[in-house]
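Please keep the structure in view while working through the numbered points.

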Amino acid sequence: MNQVSLLHDVKKPVAEAKGLPNQHYVDPVTFADESLKLLKQQWAGVGFGKDIPNKGDALPITFLGTPLLAVRNQDGAVRVFYNVCRHRGMQLIAEASNLGKVIRCPYHSWCYDLDGKLRASPHVGGPGQNIHDSIHREELSLLEVPSAVWRDVIFVNIEGNAPEFDVYAAELKQRWAEFEQPIYHGGAESSFKLDVATNWKLAVENYCESYHLPWVHPGLNSYSRLEDHYHIEQDDRFSGQGTLVYRQLEENGLKFSDFQALSEQWNEGAEYVSLFPNVLFGVHRDHAFAIVLEPVAIDRTREHIELYYATEQDLDADYAELRQKNAKLWKEVFSEDIHVVEGMQKGRHCAAFDGGKFSPVMDSPTHLFHRWVAERYES
Amino acid sequence: MNLDEDLISAHQTYNLPRLVVLYQQAAEEAFARQDIDAGCFYLTHAYIFSLEGNHADSKKIHARLVDYGREA
């Protein structure tokens, strides 16, 4: 069966559909195609604003081999450039640092301001002569990558062809409008990474559905049963799951602060959504998290996990133990998923596997993602 | 230490304020001997390090380079 008909099967209604063919997990050529169509042409998460908190902070990021530089400019806004000098293509910044007000290329010292404008081109017209008729500085700004920051995640559209981020994320922003308020990163203990031997899509697929919870997360299931969950499905944008029985952590009578003015549904409700392609979010009345899935290779993914709280007070020393407990809980949950996403990756080397059969009832959020992949892959 | 040695030392320690001062000093010595090209060469280095270090002399150095027709 050829690729077109295989993807046609993926796009059928969930009861009739098959999952993505193996090649989408094990074939390097398909991985390269997907890197372009599913990641570079979309709004992909690449980092976090909390890593560049101050004006002049710069963070080099390599995403799918592309060298990027996230900078917080003098206005406090995040901008993302290619981390490459317009002169000789030299990498500009090798390590996270505060640059003050200029980005100086370490090769011939061409200098750019934090908005990417070329400010100096020393000796470009000969020794001591810094201007030349053929050097038009206004044409030699750093090349900027369209970027947006939402819920502290830095998104980029490397190919520059996606709709505005606010349009792309409009439905999720609307769904979570009550959570459009400041979030405060919990600090070092609220930040961890997991290196997983799997294709990045399998991490998305697993995150989308609640079907696996009683088997993979029995600890969670003791109070959050399968029937306490519901699907979240938005064609072309995101999918995930919600719970009706979120229980706040408590330690010696201490609880985290709530986000302000939430409606009653969030008293015991929480939602977990994959914003396609590669960012996973979770929101609760008293904390939130964001996970950026970094596709390191076709079969290797680094999960960057960051936890956030509702008020600055929650960052106080009094809450340190509670924050550690919360981070430990989530690290355990996400670690419990590792063996299944790695196991599915191994299973994709079985030539006889035909993409799999979905549960029409339980797997529809995952199928929605597969369909998103198939439609973009064919574009 | 002479100026060359001071400059090498400042480069080795990546002392930006010191580099700005020393390169301006080197420029003044060149201008004193009517070597405008050499003066602007050193002044350019002072300018670059002043930009990088957000040094208070940055505007003044830039203005001098502009006066010499060496900077925009």
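1. A salt bridge is counted here when a side-chain nitrogen of Lys or Arg lies within 4 Å of a carboxyl oxygen of Asp or Glu. Glu306(A) and Lys50(A) form such a pair, their closest N and O atoms being 3.4 Å apart.

2. The model is predicted: local features need pLDDT of at least 70, side-chain atom pairs count only at pLDDT 80 or more, and totals for chains, interfaces and linings use all residues. Residues are numbered from 1 along each chain as its sequence is written, chains are lettered from A and ligands numbered from 1 in the order in which they are written, and side-chain values use heavy atoms, with hydrogens and water left out.

3. Chain A is divided into domain 1 (45–156) and domain 2 (169–378), with bounds that come from an automatic or database domain assignment. The centres of these two domains of chain A, taken over C-alpha atoms, are separated by 33 Å.

4. In chain A, 13 residues of domain 1 are in contact with 21 residues of domain 2, contact meaning heavy atoms within 4.5 Å. The area buried between the two domains is about 1,400 Å², and carbon and sulfur atoms give 69% of this area. Buried area is the accessible area (1.4 Å probe) that two parts lose on being put together, summed over both. Phe48(A), Trp150(A) and Arg151(A) supply 54% of the area that domain 1 of chain A buries against domain 2 of chain A, more than any other three residues.

5. The count between domain 1 and domain 2 of chain A is 1 salt bridge. On the side of domain 1 of chain A that touches domain 2 of chain A, the elements giving two or more residues are strand E1 (44–48), strand E2 (57–63) and strand E11 (153–156) of chain A. Strands are DSSP runs of E, at least two residues long, numbered from the N terminus. E1(A) gives the most to this side, with 4 residues.

6. How many residues of chain A are in contact with chain B? There are 16 residues of chain A in contact with 17 residues of chain B. Chain A and chain B bury about 1,300 Å² between them, with 54% of it on carbon and sulfur atoms.

7. Between chain A and chain B the count is 2 salt bridges. Arg137(A) and Glu71(B) meet through their side chains in a salt bridge (2.5 Å, N to O). Strand E6 (102–104) and strand E8 (118–120) of chain A are the elements that give two or more residues to the side of chain A that touches chain B.
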